[in-house]
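Here are my notes for a first look, written for someone new to the model. Keep the structure open while you read.

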Amino acid sequence: RHMLDQLESSGGRYRGTTKQARRDWHRLLAYNRHDCLALRHIAVKGSHELAAWRAYERTRFCVDEGKRRVCFMAGSTNRGLQALLDRHGAIRWAFITAWNPRSRPTQRDENDRRQAQLRRAVSRYTVLPGEGIGPDASWDPEESLMVLGISESDAVKLGREFGQLAIVVGKRGEASRLVSGVGVPRGWRGSAVSCVLTPAHRQH
(Lines give C-alpha, C1' and ligand atoms only; values in the text may rest on other atoms or scores of the structure.)
Protein backbone atom coordinates (compact mmCIF):
# COMPACT_ATOMS: atom_id res chain seq x y z
CA ARG A 1 0.00 0.00 0.00
CA HIS A 2 2.91 2.34 0.80
CA MET A 3 4.46 1.71 -2.62
CA LEU A 4 1.12 2.16 -4.43
CA ASP A 5 0.53 5.46 -2.65
CA GLN A 6 3.97 6.72 -3.66
CA LEU A 7 3.55 5.57 -7.26
CA GLU A 8 0.26 7.43 -7.43
CA SER A 9 1.77 10.63 -6.05
CA SER A 10 4.79 10.37 -8.39
CA GLY A 11 2.68 9.91 -11.52
CA GLY A 12 3.48 6.19 -11.73
CA ARG A 13 7.26 6.70 -11.83
CA TYR A 14 9.14 4.07 -9.82
CA ARG A 15 12.15 6.38 -9.56
CA GLY A 16 9.89 8.91 -7.92
CA THR A 17 9.45 6.65 -4.87
CA THR A 18 11.67 6.92 -1.79
CA LYS A 19 14.59 4.60 -1.02
CA GLN A 20 12.74 3.37 2.06
CA ALA A 21 9.68 2.45 -0.01
CA ARG A 22 11.82 0.62 -2.59
CA ARG A 23 13.70 -1.23 0.15
CA ASP A 24 10.44 -2.31 1.79
CA TRP A 25 9.08 -3.38 -1.61
CA HIS A 26 12.14 -5.55 -2.30
CA ARG A 27 11.80 -7.16 1.12
CA LEU A 28 8.15 -7.94 0.39
CA LEU A 29 9.06 -9.51 -2.95
CA ALA A 30 11.74 -11.66 -1.32
CA TYR A 31 9.29 -12.67 1.42
CA ASN A 32 6.60 -13.66 -1.08
CA ARG A 33 9.06 -15.53 -3.31
CA HIS A 34 9.13 -18.44 -0.85
CA ASP A 35 5.34 -18.67 -0.85
CA CYS A 36 5.24 -18.58 -4.66
CA LEU A 37 7.87 -21.33 -4.92
CA ALA A 38 5.95 -23.47 -2.43
CA LEU A 39 2.69 -22.97 -4.35
CA ARG A 40 4.44 -23.87 -7.58
CA HIS A 41 5.74 -27.08 -6.00
CA ILE A 42 2.25 -28.00 -4.83
CA ALA A 43 0.79 -27.31 -8.30
CA VAL A 44 3.46 -29.40 -10.04
CA LYS A 45 3.07 -32.22 -7.51
CA GLY A 46 -0.72 -32.19 -7.84
CA SER A 47 -0.52 -32.23 -11.63
CA HIS A 48 1.84 -35.22 -11.56
CA GLU A 49 -0.34 -37.18 -9.16
CA LEU A 50 -3.51 -36.43 -11.16
CA ALA A 51 -1.84 -37.64 -14.37
CA ALA A 52 -0.65 -40.77 -12.55
CA TRP A 53 -4.15 -41.46 -11.23
CA ARG A 54 -5.61 -41.23 -14.73
CA ALA A 55 -2.96 -43.67 -15.91
CA TYR A 56 -3.88 -46.08 -13.08
CA GLU A 57 -7.49 -46.00 -14.29
CA ARG A 58 -6.29 -47.31 -17.67
CA THR A 59 -3.82 -49.85 -16.27
CA ARG A 60 -4.34 -53.60 -16.62
CA PHE A 61 -3.62 -55.46 -13.39
CA CYS A 62 -2.63 -59.06 -14.10
CA VAL A 63 -2.36 -61.93 -11.62
CA ASP A 64 -0.58 -65.20 -12.36
CA GLU A 65 -1.93 -68.39 -10.77
CA GLY A 66 0.19 -71.16 -12.18
CA LYS A 67 -0.50 -71.17 -15.92
CA ARG A 68 -3.60 -69.03 -15.48
CA ARG A 69 -3.36 -65.26 -15.94
CA VAL A 70 -6.24 -63.07 -14.82
CA CYS A 71 -6.24 -59.42 -15.89
CA PHE A 72 -8.66 -56.72 -14.77
CA MET A 73 -8.97 -52.96 -14.50
CA ALA A 74 -9.87 -50.88 -11.48
CA GLY A 75 -13.59 -50.28 -11.20
CA SER A 76 -14.52 -53.49 -12.97
CA THR A 77 -15.94 -56.85 -11.96
CA ASN A 78 -14.14 -59.80 -13.50
CA ARG A 79 -15.33 -63.40 -13.64
CA GLY A 80 -11.80 -64.75 -13.77
CA LEU A 81 -10.87 -62.77 -10.67
CA GLN A 82 -13.98 -63.93 -8.81
CA ALA A 83 -13.16 -67.54 -9.72
CA LEU A 84 -9.61 -67.06 -8.43
CA LEU A 85 -10.96 -65.76 -5.12
CA ASP A 86 -13.34 -68.73 -4.90
CA ARG A 87 -10.51 -71.20 -5.46
CA HIS A 88 -8.55 -69.70 -2.57
CA GLY A 89 -11.54 -69.06 -0.33
CA ALA A 90 -10.60 -65.38 -0.16
CA ILE A 91 -13.02 -62.55 0.52
CA ARG A 92 -10.74 -59.51 0.59
CA TRP A 93 -7.69 -58.78 -1.50
CA ALA A 94 -5.28 -56.04 -2.55
CA PHE A 95 -3.02 -55.56 -5.55
CA ILE A 96 0.20 -53.81 -4.49
CA THR A 97 3.64 -53.04 -5.85
CA ALA A 98 6.74 -51.49 -4.32
CA TRP A 99 8.08 -50.36 -7.68
CA ASN A 100 8.55 -46.73 -8.71
CA PRO A 101 7.45 -44.94 -5.51
CA ARG A 102 5.24 -41.92 -6.23
CA SER A 103 5.21 -43.02 -9.88
CA ARG A 104 8.76 -41.79 -10.39
CA PRO A 105 11.00 -44.03 -12.55
CA THR A 106 13.39 -45.93 -10.27
CA GLN A 107 16.42 -48.07 -11.08
CA ARG A 108 15.67 -51.77 -11.53
CA ASP A 109 17.96 -52.93 -8.71
CA GLU A 110 16.25 -50.52 -6.30
CA ASN A 111 12.81 -51.68 -7.47
CA ASP A 112 13.87 -55.30 -6.93
CA ARG A 113 15.13 -54.51 -3.45
CA ARG A 114 11.90 -52.76 -2.53
CA GLN A 115 9.79 -55.55 -4.00
CA ALA A 116 11.68 -58.11 -1.89
CA GLN A 117 10.87 -56.03 1.18
CA LEU A 118 7.20 -56.00 0.21
CA ARG A 119 7.17 -59.78 -0.20
CA ARG A 120 8.57 -60.17 3.30
CA ALA A 121 5.99 -57.73 4.67
CA VAL A 122 3.09 -59.84 3.31
CA SER A 123 4.60 -63.28 3.95
CA ARG A 124 1.80 -64.22 6.37
CA TYR A 125 -0.80 -63.92 3.59
CA THR A 126 -1.53 -65.97 0.51
CA VAL A 127 0.28 -64.09 -2.23
CA LEU A 128 0.23 -64.46 -6.01
CA PRO A 129 2.65 -62.74 -8.40
CA GLY A 130 1.43 -60.23 -10.92
CA GLU A 131 2.22 -57.06 -12.79
CA GLY A 132 0.64 -53.75 -13.59
CA ILE A 133 0.68 -52.93 -17.30
CA GLY A 134 0.15 -49.22 -17.88
CA PRO A 135 -1.16 -47.48 -21.00
CA ASP A 136 2.27 -45.98 -21.76
CA ALA A 137 4.28 -48.54 -23.73
CA SER A 138 7.54 -46.86 -22.70
CA TRP A 139 6.78 -47.61 -19.04
CA ASP A 140 7.90 -51.12 -18.07
CA PRO A 141 5.25 -53.35 -16.44
CA GLU A 142 5.58 -53.14 -12.67
CA GLU A 143 6.09 -56.35 -10.72
CA SER A 144 3.23 -56.59 -8.25
CA LEU A 145 1.59 -58.86 -5.72
CA MET A 146 -2.00 -59.97 -5.30
CA VAL A 147 -2.38 -60.28 -1.53
CA LEU A 148 -5.36 -62.42 -0.52
CA GLY A 149 -7.07 -61.98 2.82
CA ILE A 150 -5.59 -58.58 3.68
CA SER A 151 -7.90 -55.85 4.97
CA GLU A 152 -8.20 -52.58 3.09
CA SER A 153 -6.76 -50.59 5.99
CA ASP A 154 -3.70 -52.83 6.23
CA ALA A 155 -3.25 -52.69 2.47
CA VAL A 156 -3.40 -48.88 2.48
CA LYS A 157 -0.78 -48.80 5.25
CA LEU A 158 1.48 -50.96 3.07
CA GLY A 159 0.90 -48.70 0.10
CA ARG A 160 1.89 -45.69 2.16
CA GLU A 161 4.90 -47.47 3.61
CA PHE A 162 6.19 -48.20 0.13
CA GLY A 163 5.39 -44.74 -1.25
CA GLN A 164 2.61 -45.75 -3.64
CA LEU A 165 0.21 -43.12 -4.89
CA ALA A 166 -2.54 -45.74 -5.16
CA ILE A 167 -3.28 -49.42 -4.71
CA VAL A 168 -6.18 -51.59 -5.90
CA VAL A 169 -8.43 -53.33 -3.39
CA GLY A 170 -11.55 -55.42 -3.58
CA LYS A 171 -13.98 -57.88 -2.04
CA ARG A 172 -15.49 -60.98 -3.53
CA GLY A 173 -18.60 -60.09 -5.52
CA GLU A 174 -17.73 -56.39 -5.70
CA ALA A 175 -15.96 -54.21 -8.25
CA SER A 176 -12.28 -53.52 -7.65
CA ARG A 177 -11.38 -50.01 -6.47
CA LEU A 178 -8.42 -47.67 -6.73
CA VAL A 179 -7.53 -46.34 -3.29
CA SER A 180 -5.21 -43.45 -2.63
CA GLY A 181 -2.10 -44.59 -0.79
CA VAL A 182 -0.03 -41.40 -0.85
CA GLY A 183 2.72 -41.60 1.73
CA VAL A 184 6.39 -41.29 2.50
CA PRO A 185 8.45 -44.05 0.83
CA ARG A 186 10.12 -46.62 3.08
CA GLY A 187 13.61 -45.52 4.05
CA TRP A 188 12.82 -41.80 3.66
CA ARG A 189 14.55 -39.78 6.35
CA GLY A 190 12.47 -36.71 7.12
CA SER A 191 9.00 -35.49 7.93
CA ALA A 192 6.04 -35.21 5.61
CA VAL A 193 6.61 -31.46 5.53
CA SER A 194 10.22 -31.90 4.44
CA CYS A 195 8.98 -33.88 1.43
CA VAL A 196 6.97 -30.89 0.27
CA LEU A 197 9.10 -27.88 1.13
CA THR A 198 12.62 -27.15 0.03
CA PRO A 199 15.21 -26.04 2.63
CA ALA A 200 14.56 -22.41 1.66
CA HIS A 201 10.84 -22.85 2.27
CA ARG A 202 11.40 -24.52 5.64
CA GLN A 203 13.68 -21.68 6.63
CA HIS A 204 10.94 -19.23 5.77
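The points below go from the overall layout to single residues and pairs.

1. First, some housekeeping. This is a predicted model, where local features need pLDDT of at least 70 and side-chain atom pairs count only at pLDDT 80 or more, while totals for chains, interfaces and linings use all residues. Residues are numbered from 1 along each chain as its sequence is written, and side-chain values use heavy atoms, with hydrogens and water left out.

2. Start with the layout. You'll find seven helices and seven strands in the protein; helices (H or I, at least four residues) and strands (E, at least two) are DSSP runs, numbered from the N terminus. Along the sequence the pattern reads α-α-β-β-α-β-α-β-β-α-β-β-α-α.

3. Next, the overall numbers. The protein has 204 residues, and 34% of them count as buried. Buried here means under 20% relative accessible area, exposed means over 50%, and partly exposed is in between (1.4 Å probe, protein chains only). The protein exposes about 12400 Å², with carbon and sulfur atoms supplying 52% of it; accessible areas come from the Shrake-Rupley method with a 1.4 Å probe, and for residues only the protein chains shown count as cover. As for contacts (heavy atoms within 4.5 Å), take those with a separation of 6 or more: residues 24 or more positions apart account for 59% of them.

4. Have a look at the disulfide, meaning a pair of cysteine sulfur atoms within 2.5 Å. The structure holds one, and it joins C62 to C71 with an S to S distance of 2.1 Å. The link of C62 and C71 is right-handed, with 110° about the S-S bond.

5. Now the charged pairs. Side chains of opposite charge can pair when their charged atoms come close. A salt bridge is counted when a side-chain nitrogen of Lys or Arg is within 4 Å of a carboxyl oxygen of Asp or Glu, and the structure holds 11 of them.

6. One of these pairs is R68 with E65, whose side chains meet at 3.8 Å, N to O. R68 counts as partly exposed at 47% relative accessibility, but E65 is buried, with a relative accessible area of 12%.

7. Another salt bridge brings together the side chains of R69 and E131, at 3.1 Å, N to O. R69 sits in strand β2 (residues 68-72) and E131 in strand β4 (residues 126-133), so the pair ties together parts that are 62 residues apart in sequence. R69 is partly exposed at 41% relative accessible area, and E131 is partly exposed at 21%.

8. R108 is partly exposed at 46% relative accessibility, and D112 is partly exposed with a relative accessible area of 31%.

9. Two loop residues deserve a look. Where is S176? S176 lies in the loop between β6 (166-171) and β7 (177-180), and is buried, with a relative accessible area of 2%. Leaving out residues up to four places away in sequence, S176 touches F72, M73, A74, G75, S76, W93, V168 and V169. N100 belongs to the loop between β3 (92-96) and α4, and also counts as buried, at 7% relative accessibility. Apart from neighbours within four places in sequence, the contacts of N100 include P105, T106, N111, W139, E142 and Q164.

10. Last, the surface. Which residues make the nonpolar patch of about 480 Å²? Y14, W25, L28, L29 and Y31 do. Patches are made of residues with over 30% relative accessible area and no salt bridge; like charges are joined within 9 Å, and nonpolar side chains (Val, Leu, Ile, Met, Phe, Trp, Tyr) within 5 Å. L29 is in helix α2 (residues 19-57) and is partly exposed, with a relative accessible area of 44%.
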